[in-house]
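Subject: Structure for your review

Dear colleague,

My notes on its salt bridges follow.

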Amino acid sequence: MSKYMLIMRGTDESNAAMMASIQEGIARTRVFIEEMMKAGVLLAAEGLDDPGKGVVVDFSGETPVVTDGPYGETKELFGGFFLLEVASKQEAVEWAKRVPAVRGSKIEVRRVPGEDEVPQDSTVQG
């Protein structure tokens, strides 16, 4: 079994469409979550607040600079995720195809490496 993250990505337009029918979207997402729970594949699911309410910490200079809101150049925003434990990438993709997303949204499917795959620093005591 492997862990895969289904990352919800939206644009300003798809986010506006989602907000127009928020109650319907919440209901459809609850049903989807219940289906994943019944299948025993869901490990976690979270959505994020409006990006305009966040801050950006930019490390491109000598010291970090904090500014309000998302990057202005961002065409796609990370809106939340589902973390699944499934047998294969293809199974994760099949679940991603079922996400109740609005037109214009995208779901990025990425594997979460296991602890044994992450390089270990021998100087860190754990």
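Which side chain does lysine 97 meet in a salt bridge? The partner is glutamate 94, at 3.3 Å from N to O. A salt bridge here is a side-chain nitrogen of Lys or Arg within 4 Å of a carboxyl oxygen of Asp or Glu.

Please note that this is a predicted model, in which local features need pLDDT of at least 70 and side-chain atom pairs count only at pLDDT 80 or more, while totals for chains, interfaces and linings use all residues. Residues are numbered from 1 along each chain as its sequence is written, and side-chain values use heavy atoms, with hydrogens and water left out.

The search of the whole structure gave five salt bridges. Helices (H or I, at least four residues) and strands (E, at least two) are DSSP runs, numbered from the N terminus. Lysine 97 is exposed at 59% relative accessible area, whereas glutamate 94 is partly exposed at 36%; exposed means over 50%, buried under 20%, and partly exposed in between (1.4 Å probe, protein chains only).

Glutamate 35 pairs with arginine 98, with the closest N and O atoms 2.6 Å apart. Because glutamate 35 lies in helix H2 (residues 22–39) and arginine 98 in the loop between helix H3 (89–97) and strand E6 (106–112), this pair ties together parts 63 residues apart in sequence.

Arginine 111 forms a salt bridge with glutamate 117, at 2.9 Å between the closest N and O atoms.

Yours sincerely
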